[in-house]
There are 4 protein chains.
Amino acid sequence: MIAAGIYGATGYTGLELVRLLQVHPNVDVRWATSESYAGQQLSDVFPCPYDLPLVHMEEAALDTVDMVFACLPHGASMEAVTGARRAGVKVVDLSADFRLTDPDTYTAWYNVPHTAPDLLPEAVYGLPELHREKIRHATLVANPGCYPTSVILGLYPLVATGLLADSTVIVDAKSGVSGAGRKPNLKTHFVEANENFLPYNIGHTHRHIAEMEQELNAAGNRTEPLRVIFSPHLLPVNRGILSTMYVQLAEALPAEQLVAHYRQMYEGEPFVQVLGAGRLATLRHVVGSNRCAISLTPLGSDGRVIIVACIDNLIKGASGQAAQNMNLMFGWEETTGLVNGQ
Amino acid sequence: MIAAGIYGATGYTGLELVRLLQVHPNVDVRWATSESYAGQQLSDVFPCPYDLPLVHMEEAALDTVDMVFACLPHGASMEAVTGARRAGVKVVDLSADFRLTDPDTYTAWYNVPHTAPDLLPEAVYGLPELHREKIRHATLVANPGCYPTSVILGLYPLVATGLLADSTVIVDAKSGVSGAGRKPNLKTHFVEANENFLPYNIGHTHRHIAEMEQELNAAGNRTEPLRVIFSPHLLPVNRGILSTMYVQLAEALPAEQLVAHYRQMYEGEPFVQVLGAGRLATLRHVVGSNRCAISLTPLGSDGRVIIVACIDNLIKGASGQAAQNMNLMFGWEETTGLVNGQ
Amino acid sequence: MIAAGIYGATGYTGLELVRLLQVHPNVDVRWATSESYAGQQLSDVFPCPYDLPLVHMEEAALDTVDMVFACLPHGASMEAVTGARRAGVKVVDLSADFRLTDPDTYTAWYNVPHTAPDLLPEAVYGLPELHREKIRHATLVANPGCYPTSVILGLYPLVATGLLADSTVIVDAKSGVSGAGRKPNLKTHFVEANENFLPYNIGHTHRHIAEMEQELNAAGNRTEPLRVIFSPHLLPVNRGILSTMYVQLAEALPAEQLVAHYRQMYEGEPFVQVLGAGRLATLRHVVGSNRCAISLTPLGSDGRVIIVACIDNLIKGASGQAAQNMNLMFGWEETTGLVNGQ
Amino acid sequence: MIAAGIYGATGYTGLELVRLLQVHPNVDVRWATSESYAGQQLSDVFPCPYDLPLVHMEEAALDTVDMVFACLPHGASMEAVTGARRAGVKVVDLSADFRLTDPDTYTAWYNVPHTAPDLLPEAVYGLPELHREKIRHATLVANPGCYPTSVILGLYPLVATGLLADSTVIVDAKSGVSGAGRKPNLKTHFVEANENFLPYNIGHTHRHIAEMEQELNAAGNRTEPLRVIFSPHLLPVNRGILSTMYVQLAEALPAEQLVAHYRQMYEGEPFVQVLGAGRLATLRHVVGSNRCAISLTPLGSDGRVIIVACIDNLIKGASGQAAQNMNLMFGWEETTGLVNGQ
């Protein structure tokens with residue numbers, strides 16, 4: 001049994017993390033912070049049954065916990081993580097602050113200086129399917145972004161084995177509204193999002209591209225760097241990401257062979273479901289679970305393949321993956337607390 | 001052809017009004033105000049094709065228009081209306097500021113003093129089915145609230161003819177999210193409202209009760225005043241109000257007779273649709289139109305009746321009714337610009 | 001560890017039951033039937049990860065199981081239950097077939113003769129909050145309907161203690177579309193239900209009234225039988241029931257006192273959440289969980305109270321309650337497998 | 001004033017056509033057929049206020065009408081169209097039966113023989129922006145499919161002027177559920193489609209590809225035929241198609257220049273809205289209207305462009321375009337009855 005703290009418990013990822021940790025057998029949530037709701041119970045803020053008191057960040061005692069989860073906006077997270085690491089507390093950071101190995105790349109995409117570059121070497125990109133061993137020994141895990149989780153898992157078996165012919169992949173991604181956060185604005189107003197569908201930040205402008213390209217290129221040992229054309233769209237559902245990816249293989253593979261390749265690459269992975277030939281991944285496969293469902297559709301003899309990868313953005317795309325990383329960091333069964341019948 | 005101005009064109013009622021007036025053959029929208037978006041075109045603010053420049057309220061010249069629509073928050077509207085009336089310009093006010101004949105009642109419900117009580121005597125409650133003749137000659141029309149439109153139209157044929165046995169009616173009402181306005185807050189956040197349903201302000205606390213009771217009691221010539229138990233709920237749809245009303249008649253009437261009574265009371269009304277016995281009103285009957293659909297379900301021999309009344313809250317519940325009132329005020333065919341195939 | 005069979009696993013209640021039992025530590029699902037999909041895996045029929053083979057009902061061996069769940073349509077269920085009871089297998093029946101103690105009342109509401117009236121005396125109405133001890137010793141549990149679960153739990157603390165003044169209660173209920181079953185028809189077509197809201201079977205015609213009145217009158221020891229005016233509406237959400245109930249107390253009680261009374265009546269109940277004074281129950285309180293959330297709003301000095309009770313229709317309103325009943329029947333902790341962090 | 005008949009008035013395109021023609025000043029709907037609902041009024045079948053009697057197809061007298069709209073399934077339409085043309089009645093066919101000029105191609109995609117190949121030479125593909133003059137003189141107009149309308153309008157300005165470098169375009173398309181028709185099935189069940197999102201028929205298998213490729217190649221005067229990789233997805237909204245298209249230009253063009261090119265190509269088009277540089281098309285731009293909104297996002301110096309084209313699938317993608325074609329065929333103003341303030 002460990003004690004954990006949560007920075008930023010009243011956003012959607014924070015709330016989801018509380019929900020998951022309530023049923024985790026090895027974790028006691030010692031404190032949870034919220035600048036907006038400090039002094040209240042979580043059950044005052046949100047229609048949930050958890051009587052978890054919310055405190056200001058400065059009231060959150062690091063010497064009472066074995067680890068912290070940081071569910072703070074990028075920029076704000078760096079400071080909290082630095083404090084925790086100085087106190088010797090393990091960290092899973094759900095922000096973008098420690099995902100990019102190069103602080104200049106970080107600044108180029110996020111428009112803020114990186115104030116804790118000395119911590120970057122110890123940070124591990126927390127995608128267990130790629131970096132499981134490093135995560136087991138990590139003190140600071142940078143939990144991946146939601147879009148990148150779906151995209152990297154969908155493309156990894158091809159890039160890691162050099163099967164791609166082309167140095168550009170097209171990713172047409174669609175995300176539910178919880179991905180836009182809990183802070184109200186016109187974009188997330190019900191009447192604006194409902195019965196609507198829209199692209200945003202399309203092309204090569206979304207910040208998540210940086211980690212997709214970093215991880216895919218590191219996995220690929222490529223001569224020419226892979227470039228991701230990324231078009232996110234806002235979907236009128238609460239949860240879920242579906243990424244439709246268009247790639248060109250060096251040579252055509254029949255569907256069964258492609259499925260077999262993916263299943264071999266993900267053998268033993270508890271949270272990756274490679275669908276059989278002819279099946280297509282849907283949000284319904286994954287919403288409410290920590291799984292990533294992947295389907296593969298080769299288009300015939302020319303080597304084009306359409307890959308569909310789906311996750312629940314708040315679980316495998318955020319808080320579930322954070323708990324999975326914690327399980328690895330503390331040497332527990334990786335699926336502990338994460339198989340809830342969904 | 002008249003020239004009209006719109007105060008507050010970038011809320012949902014303002015936008016809907018612009019949409020309706022664009023196809024109205026007799027109206028030219030001369031100006032539209034928006035404090036938040038002044039200097040932009042309407043098509044910059046909203047995905048619509050209307051190139052209507054938005055100006056600050058003080059730039060809106062009253063001597064260029066024959067009438068104004070005020071789509072402002074209550075309180076703010078009083079001032080704009082006062083200015084317009086001083087300039088001799090006709091007004092349809094979509095706020096609550098001139099709906100209640102008694103300024104003290106207004107203050108009791110809205111918690112602000114009424115700053116233009118001298119204008120109250122000239123204000124006509126703009127429900128054409130009850131006050132058509134007065135509206136024709138009005139200079140200031142107080143456009144009814146959305147909930148009250150559905151409730152008053154649903155009950156009027158009973159109260160006006162003394163058929164109610166009881167002095168209390170129960171109204172269980174459900175409204176789409178556009179009724180909560182365009183200003184983002186947690187209640188209207190997509191993730192909070194979608195896949196959710198919730199009551200709010202239930203009992204005898206919602207401000208719309210004041211106008212319901214005022215109009216029903218005025219229509220009823222009752223000894224004991226009618227009291228409305230009113231429970232609004234937030235429905236995860238963009239538009240529409242459905243009010244389910246539970247009343248007790250002095251004596252039981254079969255469904256056919258009740259339908260006949262309502263049809264006679266609303267004979268010739270272009271925007272009231274009384275459904276036949278055995279039919280039930282739904283949002284689909286009215287969304288996108290200026291109609292109010294009403295169904296009547298007597299419960300047998302004890303005189304209880306369930307009345308369902310539906311409207312589109314932005315059309316018959318706001319901007320459509322405002323245009324209908326304008327048609328009456330200028331002597332045009334009442335349905336002009338309002339029969340759009342929905 | 002027991003072995004269980006499921007009759008009718010590919011409707012929404014069957015699927016939800018499979019989902020819940022997959023994580024139940026004491027149950028092994030030995031077989032699951034589906035007339036439409038026999039021969040396939042559950043994961044072929046539905047985007048879920050469960051490799052559960054589906055068989056025809058006649059292939060389902062009763063001697064391999066300790067209990068069965070019947071998720072069949074009313075009428076069809078009687079036959080399956082009869083077979084199971086003859087084989088000495090315990091039953092939780094999710095249909096309406098054994099909920100009403102009087103076979104003539106059953107026939108009057110369901111328009112089919114009751115073919116197993118000899119089993120009725122052994123059937124226990126499976127609402128643990130009312131009949132926990134009987135359920136512990138039951139061999140045949142009639143799992144309550146979804147609407148009745150919300151209504152009975154919402155009214156029981158008043159009727160059981162004689163606090164109601166009136167013999168009529170008004171229940172304005174709203175249910176998500178999964179309550180209408182998985183068989184496609186025009187009513188459940190996405191385009192018909194989405195952005196719509198509608199009443200159906202309003203008044204005193206819905207079959208669930210029979211069990212509401214049976215249970216409330218049995219609990220109440222009343223001289224004049226209680227009558228439920230029941231107006232169900234179809235809500236454009238997947239899951240959830242919210243029942244808004246209007247009652248008249250013999251004498252007015254302040255909100256705090258009413259809350260205290262309900263909390264005392266439901267003391268120790270793991271799945272009933274009585275909200276504090278001033279709070280209102282919403283679908284978000286319960287969807288995904290086995291809880292019933294109840295809020296109480298007295299209207300002042302005249303004794304009227306608005307009660308709102310919410311459940312997830314597929315969990316507390318069906319499969320979760322079925323599992324709760326099984327837990328009681330086998331002497332396990334009542335919450336086993338049902339506290340999943342929601 | 002002309003008289004028109006509608007074959008198949010109770011599907012979604014039929015209903016939408018009735019709705020549009022009710023407010024068209026020059027058309028009287030003389031009859032409407034429905035095999036399922038013959039003998040009833042349209043207002044019995046659907047919550048609309050139109051008292052239009054529904055008749056069997058054999059009761060529909062061709063000598064009473066000047067034109068017919070065929071809203072029938074492919075295959076069934078051929079027969080009805082043949083009858084109408086033999087009777088000398090003009091036809092707008094909303095099915096796929098006369099869209100493909102080559103009957104063998106038709107059979108290859110639709111798996112049925114073409115029984116009226118003699119009529120194919122007289123059929124004009126009814127996309128006014130490409131074939132306005134031919135439509136004006138046509139007796140038989142094949143109304144385009146919904147997806148093709150968005151895709152062809154989005155790509156036409158590039159293919160017609162030889163700006164594409166590549167012979168393959170990727171189209172990631174998303175459609176609302178009304179595109180799947182009104183006949184209930186599991187795919188269109190509310191609970192299956194709501195809070196879900198899914199690809200279907202992806203790759204090069206959807207039948208609409210045939211007409212996209214036919215029209216784009218005819219417009220392009222290309223040496224190597226253009227090939228469309230087409231991935232449709234089902235979106236949980238009632239109406240609307242958004243197609244995100246990925247193309248490679250022979251040389252990069254800045255956004256402003258690209259927008260200027262499109263605006264020039266569509267100059268004077270009443271129903272094409274080319275958004276300014278930096279804007280992105282959304283469903284909200286078009287739902288409820290006959291417009292197609294197009295946005296253009298060049299990705300920098302390598303010539304890649306992301307084109308987004310949106311329509312309302314039931315209006316510009318079906319019944320609105322059918323009315324637009326009728327307006328051209330009868331020499332009326334093209335926008336008659338189609339500018340309704342949306």
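Predicted model: local features only at pLDDT ≥ 70, side-chain atom pairs only at ≥ 80, totals over all residues.
Colleague: Which element gives the largest share of the side of chain A that touches chain D?

Modeller: Across this interface, 24 residue pairs are found in polar contact, both residues of each having pLDDT 80 or more. On the chain A side, at least two residues each come from strand S8 (168-175), helix H7 (190-193), strand S9 (198-199), strand S10 (227-234), strand S11 (241-248) and strand S14 (304-311) of chain A. The largest share, 5 residues, is that of S8(A).

Colleague: What area is buried between chain A and chain D?

Modeller: The contact takes 40 residues of chain A and 40 residues of chain D. Glu195(A), Phe197(A) and Arg284(A) together supply 19% of what chain A buries against chain D, more than any other three residues. Carbon and sulfur atoms give 61% of the area buried between the two chains, an area of about 3,200 Å².

Colleague: Turning to the contact of chain B with chain A, which three residues supply more than any other three of the area that chain B buries against chain A?

Modeller: Here 22 residues from chain B meet 22 residues from chain A, and the area buried between them is about 1,800 Å², with 60% of it from carbon and sulfur atoms. On the chain B side, 35% of the buried area is supplied by three residues, namely His189(B), Phe190(B) and Asn238(B).

Colleague: Which helix of chain B gives the most to the side of chain B that touches chain A?

Modeller: The rule finds 2 salt bridges between chain B and chain A, including the one between Glu192(A) and Arg182(B), where the closest N and O atoms are 3.1 Å apart. There are also 10 residue pairs in polar contact, both residues at pLDDT 80 or more. With 4 residues, the element that gives the most on the chain B side is helix H7 (residues 190-193).

Colleague: Within chain A, which strands stand at the edges of the mixed sheet of 7 strands?

Modeller: This open sheet has the order S9-S10-S8-S11-S14-S13-S12 (chain A), and inside it S8(A) runs parallel to S10(A), the two being joined by 8 bridges.

Colleague: Is strand S11 of chain B largely enclosed or left open, and how many of its 8 residues are buried?

Modeller: S11(B) pairs in the antiparallel sense with strand S8 (residues 168-175) of chain B over 6 bridges, and in the antiparallel sense with strand S14 (residues 304-311) of chain B over 8 bridges. Leu242(B) is the bridge partner of Lys174(B), while Ile241(B) stands opposite Ile311(B). A residue is buried when its relative accessible area is under 20%. Strand S11 (residues 241-248) of chain B is largely enclosed by the rest of the structure because its buried residues number 7 of 8.

Colleague: Is Ser175(D) buried or exposed?

Modeller: Ser175(D) belongs to strand S8 (residues 168-175) of chain D. Leaving aside residues up to four places away in sequence, Ser175(D) touches Tyr147(D), His233(D), Leu234(D), Leu235(D), Gly240(D) and Ile241(D). Its relative accessibility is 3%, so Ser175(D) counts as buried.

Notes. Residues numbered from 1 in each chain as written. Chains lettered and ligands numbered in written order. Heavy atoms only, no water. Buried < 20%, exposed > 50% of the residue type's maximum accessible area, 1.4 Å probe, protein only. Pairing = 2+ DSSP bridges. Contact = heavy atoms within 4.5 Å. Buried area = accessible area lost by both parts, 1.4 Å probe. Polar contact = N/O pair within 3.5 Å; in protein donor to acceptor, adjacent residues only side chain to side chain. Salt bridge = Lys/Arg side-chain N within 4 Å of Asp/Glu carboxyl O.
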